[in-house]
Amino acid sequence: MRNEKELIEFIKEKLNPLKINKLRKNNVVVQLNNSELVSGLNFLKSQSYSHLATISCVDWIEDNEFELVYHLFSYQDKINLSVKTRIDREKSKFVTIKNLWKVASYYERDIHDFFGVEFEGNDNMEELILENWNELPPMRKDFKTREYVDQKFDWRQYHGQE
Amino acid sequence: MDKSKMTEMFFGPNHPGVPGNYGINYYYEGDTVIEAEPNAGHLHRGFEKLMEEREWIKNTPLVCRICVMEPDINEMVYAMGYEAIGEIEVPERAKYIRSIILELARIQAHIFSIGGNCGAIGLYTAMQWGVLARDYILDIFEEITGGRVYHIYIRPGGVRHDIKDETFKKILDLLDDLENNRLPDVQKLIFENPTAQKRWKDTAILNQEDALRLGVTGPSLRATGLDHDVRKLMPYGAYDKVDFDVPVGHNSDAWTRMKLKRDEIFQSIKIIRQLINNIPDGPVTVDLGNALKYKIPKGEAYVKVESARGEYGYYMVSDGGLKPYRVHVRGTSTPLGLYGVEALLPGTRIEDVPVWAHSLGICPPEFDR
Amino acid sequence: MKEKYKNSKWQEVINWAQKRSLFMLHYCTGCGAIELPPTMTSRYDMSRFGIGPAATPRQADILIITGYLSTKTLRRVIYTYEQMQDPKYVLGFGSCTINGGMYWDSYNTVKQLDKYLPVDLYIAGCMPRPEAILEGFLELKNKIEVGDADGYKRYKTDYEYYKSNQENVLGEVKRRQ
């Protein structure tokens, strides 16, 4: 049973974080390098952080980077730990973690559908939620949804009472 | 795998036995499923993109439409995320009212789910009773908030308006009626019925190791023997001021999950009675200024609550502007509806596939968003 | 039916019989489907009007589009509509079928249902109460009696209009019977 301060000291001693801080009660965030992420997750999984809630992706268009966030939870410490890393927006490639948690293969397929990020080692990257989509991946910040709707669908014309 | 002897079946979107607009494509041989994969995405509306285009207050009527069986839980998580980043403290009376609304929503979701499970095996009388009992609870919601299904009552800062004393008396009368008249009838019809027991025992088994590996939460995990509940692990609202138990089962088949849902209804009735008898006076909302110009500083948060089916989480990022920068929705049945079909369904009989889908609580709009 | 029997007294008898036994296809396409179980069960009973659920499209008369339609569902709904036998009726349920509703700026939902399928009646609301659904059904029965519910005839005469709109949104739609 660790509280947030002991957890922060523990991670600073065992891993090599770029940034780590406590956001509020029960919520800690830590940022790691690209090359150390998979080994860091493997270590945390063995220290009782074995529940992977989901994987999210945030598009920071001014910094020209994508940020991948892995949300972990421990039933002993009762702390939500978010592990982040940043990848380049032009190349947008990363490694898969499906050898640690098999369920991550579907979360990565979802991120590929909406952001266009490729994951090496995960060979099932078919379209999961969209169908026959040929434009930019829709959750990127340079896809403007209102212009797309104006161009593709028409609006109903209302005539007042005569 | 030699597929020349297997038949392909589309347990597809247009089927009375599937819980929503969702499909499973599977190969079977004889009577057993060999390989399966999900066919999701029919209900996709692009919520996360729509939330980035609207101001903070305009997302409140949009968020409750993500999960249609239990819409109040989404409003609660959105408000909790906003208050966590902005460090806003909600008054005491508002916390009690929010917990009463959430427990009423949990009761009606469990009654509807028990009715739906019975419809999947052919016991249609129980389905009619379940939908009718849920309708009386929707009448109470209509008196408090104005709408039967979508309430838009919980919002950042508190709730929209106060509840009168006559409505509290009506809630207590309805709970007495449920506990003394309707639930004992349901007990005799479903839970002491040998045909239903034979159909549900030893079907749709989910053992503890698989559940922890996939990230399953809620009654499906508590049926395997662990008593994890977000209301006890990380209390929110007024749950740290009431006294209740968390029911746990040991067999992890469909029969145990049905009994757990019935036990949770009784625990929720106990919670609501304690909350109504001890509710303090005071204001019900914090004044946050002009609603169209809500603003919170830069930051991020991951918040979660316990819905009727399990853990529901939002990841919210704000960059200090008038609109959210990123909101990511993690539904309860995301691991089971997507990966669980590929890993857990092979080996079941084909007439048990609707029972599997209904009893594990798969709700397609949560992962389609 | 032979030509000499149309627009005669036989047609009135057939309309009278048809409006009293309608079968509704049990296909929940969107979020409006949560108000269908209260309408079908014992509180706001709809089988006292002669309306009941059917399981397959080949045996149904009414197709209810409950709420919004994503493009993936639109393809399946077109296949389902073309499998139903004449005479058949389409009901637009909720405000998402009229002009987009709550999701008016979404990239994945269709905005006007009228351009892809011929609609006989719209029921407004978000979502409509069970009493509003029953009133919609009674209005549909009046229209059948008079002979006004002719969406299926319009689909055959204006087929090129509907087909070009569908292919604009979906790409190619394979037709098979």
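This is a predicted model: local features need pLDDT of at least 70, side-chain atom pairs count only at pLDDT 80 or more; totals for chains, interfaces and linings use all residues.

Me: What makes up the secondary structure of chain A?

Reply: Chain A comes to 4 helices and 7 strands. Read from the N terminus, the elements run α-β-β-α-β-β-β-β-α-β-α.

Me: How do you know how the radius of gyration of chain A stands against that of a compact globule?

Reply: Set the two values side by side. For 162 residues, a compact globule would have a radius of gyration near 15 Å, but chain A has 20 Å. The globule value comes from 2.2 Å times the number of residues to the power 0.38. As for extent, the C-alpha trace of chain A spans about 75 × 40 × 30 Å along its principal axes.

Me: Why are some residues of chain A called buried, and what share do they make up?

Reply: A residue is called buried because 20 or more other C-beta atoms lie within 10 Å of its own. In chain A, 30% of the 162 residues are buried.

Me: What share of the contacts in chain A with a separation of 6 or more comes from residues 24 or more positions apart?

Reply: Such residues account for 48% of those contacts.

Me: And what makes up the contact of chain B with chain C?

Reply: Chain B gives 22 residues and chain C gives 28 residues. On the chain B side, helix H1 (47-53) and helix H5 (124-145) each supply at least two residues. H5(B) gives the most, with 4 residues. By type, the residues on that side of chain B divide into 9 nonpolar, 8 polar and 5 charged.

Definitions and conventions: Residues are numbered from 1 along each chain as its sequence is written. Chains are lettered from A and ligands numbered from 1 in the order in which they are written. A residue is buried if 20 or more other C-beta atoms lie within 10 Å of its own, exposed if 12 or fewer, and partly exposed in between; C-beta atoms are placed from the backbone. Two residues are in contact if their C-beta atoms, placed from the backbone, lie within 7 Å. Ala, Val, Leu, Ile, Met, Phe, Trp, Tyr, Cys and Pro count as nonpolar, Asp, Glu, Lys and Arg as charged, and the others, Gly among them, as polar.
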